[in-house]
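Let's take a friendly walk through the annotated sites of this protein and the ligand that sits among them. Have the sequence and the 3D view at hand as you read.

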Amino acid sequence: MSFDRTLKIAPSILSADFADFGREIRAIEDQGADWVHVDVMDGHFVPNLTFGPPAVKAFRPHVKTVMDVHLMIAPVDPFIAAYAEAGADVITAHFEAGPHPHRTLQAIRAAGCKAGLALNPGTPAASVEYLLDMVDLVCVMTVNPGFGGQKFIHSQVDKIKQLRRMIGTRPVHIEIDGGVDPTTAPLVADAGADVLVAGSAVFKGGSVDTPQVYGQNIRAIREAGQGVYI
Ligand code: DX5
Ligand code: ZN
């Protein structure tokens, strides 16, 4: 996985048809997805439950691009090896998931994955100051984690600008997660984000039988983001 700052769209399969993940993943990739975002929830760190390592392992053969695994679980360290073995390319843990984010990031890289750190809306950018050389990605949650289809929290745009300044020339992605669509994509791209996660805005109105709708939705988000991102 080489690093570049071109705008990337990462559909979240949390909004896909749970009975048909293989075809859904292939459909979004065929229709232009750059990464595939996999939301792992434990019913404890967030009030929802999704995918254990066996499910993620079953998704792997269908992902041809980058499998971007977002761990909304606490504790997180005991599960890093299992999600790495399941085939994650990027593992993102939450800063709030435990007292030792520095150790967690070391463990993710030691497992051979790119390391991401996610910040809940209430967590300031300054939290990552001493961790920026340990990460390949910082994920700014623009909703409170746990569900798709929520409203974008506009106060987070300033946090993205702060992170962009703090990161400087380091090869670190800024990922945005929650409420991304063609109206919010320009705001976050302009602020410095380069990976846009989108669930409901990509899957709405489409299906594996009408994948061209996914393509239209992905293009609409990308073009809206690029409108500012020359
Ligand atoms: C929420 C997840 C997001 C979610 C995004 O906790 O981390 O990835 O699926 O869905 P939308 O784009 O619908 O807000
Ligand atoms: Zn997510």
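A word on annotations before we start: UniProt positions are given here in the numbering used for this structure, and such annotations may be inferred rather than shown by experiment. Please also keep in mind that this is a predicted model.

**A first set of annotated residues**

An unreviewed UniProt entry places the feature "binding site" at H37, D39, H70 and D177. These residues span 141 residues in sequence, yet no two of their C-alpha atoms are more than 10.4 Å apart, so they gather at one spot. From this group, D39, H70 and D177 are included in the lining of the largest pocket.

Let's look at two of them in turn. D39 belongs to strand β2, residues 36–41. Its relative accessibility is 5%, and because buried means under 20%, D39 counts as buried. Leaving out residues up to four places away in sequence, D39 touches S12, L14, T50, F51, H70, M72 and D177.

H70 sits in strand β3, residues 67–72, and with 1% relative accessibility it counts as buried. Beyond residues up to four places away in sequence, H70 touches several residues, among them H37, D39, H94, M141 and D177. The side chain of H70 also makes a polar contact with the side chain of H37, at 3.4 Å.

**Around ligand 1**

Which residues come nearest to ligand 1? Of the 20 residues around ligand 1, these are D39, G146, D177, G199 and S200.

| Residue | Distance to an oxygen atom of ligand 1 |
|---|---|
| S12 | 3.0 Å |
| H37 | 3.4 Å |
| D39 | 2.8 Å |

Taken alone, ligand 1 exposes 380 Å², and the protein buries 100% of that.

**A second set of annotated residues**

The unreviewed UniProt entry also has a "binding site" annotation covering S12, H70, G146, F147, G148, G149, D177, G178, G179, G199 and S200. The lining of the largest pocket takes in residues from this set, including S12, F147, G178 and S200.

Is G149 buried or exposed? G149 is exposed, with a relative accessible area of 63%, and lies in the loop between β6 (137–141) and α5 (156–167). S200, found in helix α7 (residues 200–203), is partly exposed at 38% relative accessible area. Neighbours within four places in sequence aside, S200 is in contact with S15 and G149.

Conventions: Residues numbered from 1 in each chain as written. Chains lettered and ligands numbered in written order. Predicted model: local features only at pLDDT ≥ 70, side-chain atom pairs only at ≥ 80, totals over all residues. Heavy atoms only, no water. 1 Å grid on protein atoms, 1.4 Å probe; cavity = no way out; pocket = protein on both sides within 12 Å on 5 of 7 lines; lining within 4 Å. Helix = DSSP H or I, 4+ residues; strand = E, 2+ residues; numbered from the N terminus. Buried < 20%, exposed > 50% of the residue type's maximum accessible area, 1.4 Å probe, protein only. Contact = heavy atoms within 4.5 Å. Polar contact = N/O pair within 3.5 Å; in protein donor to acceptor, adjacent residues only side chain to side chain. Near = heavy atom within 4 Å. Areas by Shrake-Rupley, 256 points an atom, 1.4 Å probe, with all protein chains shown as cover.
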